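Hi everyone, thanks for making time this morning. I'd like to walk you through one structure, so please have a look at it first.

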Amino acid sequence: MATMTDIAKLAGVSIATVSRVLNYDETLSASGETRRKIFEIAESLDYTKHKQKATKKTGKIAIVQWNTEEEELNDIYYMSIRIGAENRAREHGIEISTLYELDKIAQATIDGILAIGKFTLEQVEQLKEIHPHICFVDTDYRLNKYDSVVIDFVQSTREVIDYFIAGGHTNIGFIGAEERSEIDGSMNDPRSVAYVEYMKERQLYAKQNMFVVGGRFDVPSGYEQMKQAIEQLGEELPTAFFVANDPMAIGCLRALSEAGIAVPERVSIVGFNDISVSQYVSPALSTIRVYTEFMGEEGMDMLIERMNGRKHAKRTILETDLIIRESSK
């Protein structure tokens, strides 16, 4: 595990600045460039896979990010996927161009597209017009004829709930964000859907324990939702919460701390993604580990296969692991 001292040394900033950035301290006036550097170094230091020696240049790929540069800083899940993809491309001697706007891609200058994020059907069609070789990473509805890499959200959610139940919890809450299906417009964040279905299956579901904000998987939204839960539920506040991603979980920890509610003695928290900052917050965050760098690697490998002539589409579903730290019992 990389230390804050390691990160500070490489970033050329103080350990205090690193700590405040990794804890999403909103009072810190650090520039976006400094924050990006710290997050990227933290992710890269956790990237321990053996690196192959780069070969001669073999092509050029556009890595297209679904979110903006600012959004990437608010939830570094996609940054981590991107770093894995970029490192894999370099191992193959492939030139990469990372873009945050689709209209900046020039078809004549690339050999394929790696699309990272939850793209709309309209954006999928736009990408198809630019180049036929595309691999989608984390677009979780099926894309016939196009490669994709996704994770098993359903099994991950069940694992968290089973862990809570085994620890004696029966009043289990959920904090997340809304996502709308590109197919029929229904609510479809797979974590919230899986939570409802499995809690009903275990006969533990209580609608009042779900707190979902519209479209924001960030620290402020987690803080707001947990604060609302504390105010509305009082003594009936669940003893455990599954939170849809780590930045939201960090916001939940902040709200609980402000309210004087002990974690994990009164409320246990488990997040999702295991971004690098999860181990640096206090208490260290229990979370579902998504192998984001591997998602990027796998997406890049599948795209290279396509560029080399594979004709049939592949859909890869990656497993996750539950990592227990200090925020849950």
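**Rings, strands and a cavity**

Let's start with Y78, which is buried, at a relative accessible area of 5%; buried here means under 20%, exposed over 50% and partly exposed in between, with a 1.4 Å probe and protein chains only. Before I go on, a word on the model: it is predicted, so local features need pLDDT of at least 70 and side-chain atom pairs count only at pLDDT 80 or more, while totals for chains, interfaces and linings use all residues. Residues are numbered from 1 along each chain as its sequence is written, and side-chain values use heavy atoms, leaving out hydrogens and water.

Now, how many aromatic pairs does the structure hold? There are ten aromatic pairs, where rings of Phe, Tyr and Trp (its six-membered ring) pair if their centres lie within 6.5 Å, and planes under 30 degrees apart count as stacked, over 60 as edge-to-face and the rest as tilted. One of them joins W66 and Y78, edge-to-face, at 5.6 Å centre to centre with 70° between the planes. W66 sits in the loop between β1 (59–65) and α4 (69–74), and Y78 in helix α5 (residues 77–91), twelve residues apart; helices (H or I, at least four residues) and strands (E, at least two) are DSSP runs, numbered from the N terminus. W66 is partly exposed, at 35% relative accessibility.

Next, Y195 and Y205: their ring centres are 6.4 Å apart and their planes at 70°, so this pair is edge-to-face too. Because Y195 lies in helix α8 (residues 190–201) and Y205 in the loop between α8 and β7 (210–214), the pair ties together parts ten residues apart in sequence. Is Y195 buried or exposed? Y195 is buried, at 0% relative accessibility, whereas Y205 is partly exposed at 28%. Both belong to a cluster in which ring pairs link F153, F174, Y195, Y205, F242 and F272.

On to the strands. In β6 (residues 172–178), six of the seven residues are buried. Strand β6 runs parallel to β8 (residues 240–243), joined by four bridges; strands pair if DSSP finds at least two bridges between them. In β8, F241 stands opposite G173. Five bridges join β6 to β7, also parallel, with V212 in β7 as the bridge partner of G176.

Finally, which residues line the largest cavity? They are E43, Y77, S80, N273, D274, I275, S276 and T292, lining residues being those with an atom within 4 Å of a point on a 1 Å grid over the protein atoms alone where a 1.4 Å probe fits but cannot get out.

Terms used: 1 Å grid on protein atoms, 1.4 Å probe; cavity = no way out; pocket = protein on both sides within 12 Å on 5 of 7 lines; lining within 4 Å.
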